[in-house]
Amino acid sequence: MKIAVIFKQVPDTEAVIKPDPAKPGAIGEGDIKFVLNPYDEYAVEEALRIVEKSPGEAVGFCIGPERSEAAIRTVLAMGLQRAVWICEPAAVNADVISQGRILAAAIKGFAPDIILCGREVIDTQEDALAAAAAHFLDMPHVLNAAKITIAGDKATVVREVEGASLEIEAQLPAAISCSKGLNEPRYPTLIAIKRAKTKEIKRVTLAELGVQLGPVKSRVAALKSPPPRPKGVRVEGEPAVVAGKGVEWLAATAKVI
Amino acid sequence: MDFQFNDEQRMAIDAARRFAAEKLAPAAAEHDEKAEVNLKALKELGELGYLGMTVPEEYGGSDMGAVAYAGAMVEFSKADAGVAVGVSVQNSLVNDAILHFGTEKQKKEYLPKLASGEWIGCFSLTEAGAGSDPASMKTTALRDGDGFVLNGTKNFTTNGGIADVIIVFTRYAEKGNSAFLLKKDASGFSVGKHENKMGIRSSSTTEMVFTGCRLPSDAVLGEEGKGLKVALATLDGGRIGIAGQAVGIAEAALDESLRYSKERVQFGKPISEFEVLQFMLADMATDVELAKTMLFKVAWMKDSGQKRFTKESAMLKLFASEMAHRVCHKAVQIHGGYGFMKDYKVERLYRDQRITEIYEGTSEIQRFVIARSILGA
Amino acid sequence: MAGILVWAEASNDGIRKAAREAAGVGVKLAEKLNAPLAAVMCADKPDLAAKLGRLGFSKVYAAAGESFSRYSSEAFSAAIAEAGDRLKADIYLLGATALGRDLAARLAARLDAGLATDVTEIQWDSSPLTVVRPVYSGKLLAVTELTAERKVISLRPNVFPAPAEQERSAEVEAISLEDVRIRAQVQKAIQAAQGALDVTEAEIIVSGGRGVGGPEGFKVVEDLARALRGAVGASRAAVDSGWIPYKHQVGQTGKVVSPVLYIACGISGAIQHFAGMGSSKFIIAINTDKEAPIMGKADFSIVGDLFKVVPILKEELGKAMKQ
């Protein structure tokens, strides 16, 4: 099987994120450590498992600025065979739907059986990439897969929704976004890290892909901090007493009961 | 000078950090409390290549080099210094000794299984009466026909209880000392007392008992009669591992202190806003940074093939371990009463740090080595 | 002025709460922009469509037929696009439920629209329409201008009020779609255990963390959740330890929730956890460690052993709820 994996580099979950005072809508990247988007690890792992079972090729596709090379090396060390990278600012700064269009153009020639990506990128919290890429490649999509079973030209995907889990059957080729719980992503072995150096990273431009982006669809005008929470009440003491105070507070202040 | 990790080193260290956070940290307090070895994690690290970081690929190693190894040691030690010392012993003492002093046959037999973690090794030098002065050891190896018979008891052997492979140092039949390489099923060998330690409790430390232990002649590691050369040369490299451990423990103590001091409120403001605390934190951060810089310098010296870095590795081990002592001491102080409680990580770090000033050459021995070197004695 | 179209997501027994909240936003926007408003429904439930008048719609497009008996993003997005064409809609509103987010993504691609997901605030008088949505796991809020002609907006559940219901019926216009290619469709739904509420929809969440100590420890958490008719949440530490399934995880790599009340039991409140529940209206934390980060952020923090405090809370709250 041929699997395309869409991935992105994002700030580490522990990073302290602050708006860049000089650039409205952007964050200050100074001290931030960047990592492979955590959900994308599940996509890479799933792709590797699929090609281990049904031999083929697993190729990574990434939109991201120059610093993204570290994430690209990481997916190659995990086992993807090669990577395609679009690092033009116009692509990097595009909205999620336009990025879906760009990735679709990049992926098209590879003609994958399955496109995988993480269920969400944890920086901009966008979760539409798989659906957008699927639309532009005229294939179905399923988001948030907790389990993927492939049989013939169909994938059966289990995903959670509120209060139920759904079993969805998708005709291949299809794009599927991956949730935690799908698998346990492998750690790259040190030997694989060394071998990643020899794998191909191909840079492509929007012009080469034949993509022309229309007018800007959305733009982040500003980033602001969430309002601080008011200072809370602290109680300490006998369990019965503090629990009683908790109930009083819920009734009087929070008015929850 | 180019003071940057290359891509591979950075990725090896990043992967180590992730492994430490996901596989070591969650279980570290429990392993410490129960004095249990996290053997599962150690084996997994073997599969990933972290137990053969300086072993060439032809012997099954990952050959990432000393810089990546030092960085990985820092990451493992931040999460569980007991697992980290197991990694250090395997890489720096066992693999390196075999790599530099072993015959081709020994390398082929032992290194692939050690580098992959299938076998765990230990380095048995210390005795009850021979610590800083290994030449006074009492364990003997006497010629017996074609081979040797070993008798005596070693103590404080790291990885002793989990070792499949033992490097043991003995007095030698004719004169001097010899190193021997054996497997745990050698007749006449047994593991003795398991030590109940103050720190690094998630590592195994045991006596190693040799009672008429019979070994073939090709069990000798290095030159017959020159075992101490094997020991001392190997310990030079070992200091990188222990210094990495000290830096990791100290960095963890610094991280905990930064976090705690921003959260702990006294006199109506976070204690990090008091200058007295800020100065402590600044000193701690400076200490950690300097030790780390020296750590990577010595690792770089090793990677770039410099033969002599005895003085630098002694300085590194001396400074890093005593630095970790200062930093952990302050970290507990910053935490106040809570730092004295087992609920807080700094309590464990404080205990774990202490051994770094003692094993693989005490601070006093390091000073002796440094003084001898700079005085040209 | 072009119109505003709201997706009325049906549940087993009516219209989803998140869809009613989207209706509330639709009504208010229609008023502000003086724009026509309609709902679109993709379910074979004609009675329900007529009842949408109660939420303030005078017009409802109802797509019915075999294609809509089970969810598929292809058929549903086609129906919404068709309704949008008829209404000449340029604003599409959906509740950011699991399927709402799935559908919004496909719809936005199909319409080549500007997409804003999981919106928590709307700047009512802005032009171009400007919305606010959490980014970086809620560490920041992105003030986002939707400059595209067509805009698809999914709204975070539990944030916007549902409109006051009124006696009014809506004109229902049927949409029938031929030749929709459906290549991915729900085959079956396995309902969660009765009464097991999902954290994203719950108004009250009781969550357990490392301090719960093990799978058995979650019983006290579950008991309190049940007494409050809330959902059970968990921290990543508890999920990674295998004490409770992933679907309960709240936080940066789990679910992002905005309940009215969030009760954190034995959770330290790492930045990643706070990212998932920091927008809760009220937070109660119960922890033996008074320095745990969550204790500084909670509205009400109880220093104590959760195994002692939580059962008493359950007892007392259970009584109060009955009254």
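The model is predicted. Chain A meets chain C through 70 residues of chain A and 78 residues of chain C. Chain B is split into three parts: domain 1 (7–120), domain 2 (122–224) and domain 3 (228–374).

**Chain A against chain C**

- The contact joins 70 residues of chain A to 78 residues of chain C.
- On the chain A side, helix 4 (96–108), helix 5 (129–136) and helix 8 (239–254) are among the elements that each give at least two residues.
- Strands of chain A also take part with at least two residues each, including strand 7 (141–151), strand 8 (154–161), strand 9 (164–171), strand 12 (218–224) and strand 13 (233–236).
- Helix 8 of chain A brings the largest share of this side, 10 residues.
- This side of chain A has 38 nonpolar, 16 polar and 16 charged residues.

**Strand pairing across the chains**

- Strand 9 of chain A and strand 13 (residues 184–191) of chain C run antiparallel, joined by seven bridges.
- A:Ile168 has C:Val186, in strand 13 of chain C, as its bridge partner.

**Domains 1 and 2 of chain B**

- The C-alpha centres of these two domains of chain B are 22 Å apart.
- Domain 1 of chain B puts 27 residues into the contact, and domain 2 of chain B puts in 19 residues.
- On the domain 1 side, the elements giving two or more residues are helix 1 (7–34), helix 4 (81–101) and helix 5 (104–115) of chain B.
- Helix 4 of chain B supplies the largest share of that side, 11 residues.
- The domain 1 side divides into 17 nonpolar, six polar and four charged residues.

How values were computed. Residues are numbered from 1 along each chain as its sequence is written. Chains are lettered from A and ligands numbered from 1 in the order in which they are written. This is a predicted model: local features need pLDDT of at least 70, side-chain atom pairs count only at pLDDT 80 or more; totals for chains, interfaces and linings use all residues. Two residues are in contact if their C-beta atoms, placed from the backbone, lie within 7 Å. Helices (H or I, at least four residues) and strands (E, at least two) are DSSP runs, numbered from the N terminus. Ala, Val, Leu, Ile, Met, Phe, Trp, Tyr, Cys and Pro count as nonpolar, Asp, Glu, Lys and Arg as charged, and the others, Gly among them, as polar. Two strands pair if DSSP finds at least two bridges between them. Domain bounds come from an automatic or database domain assignment.
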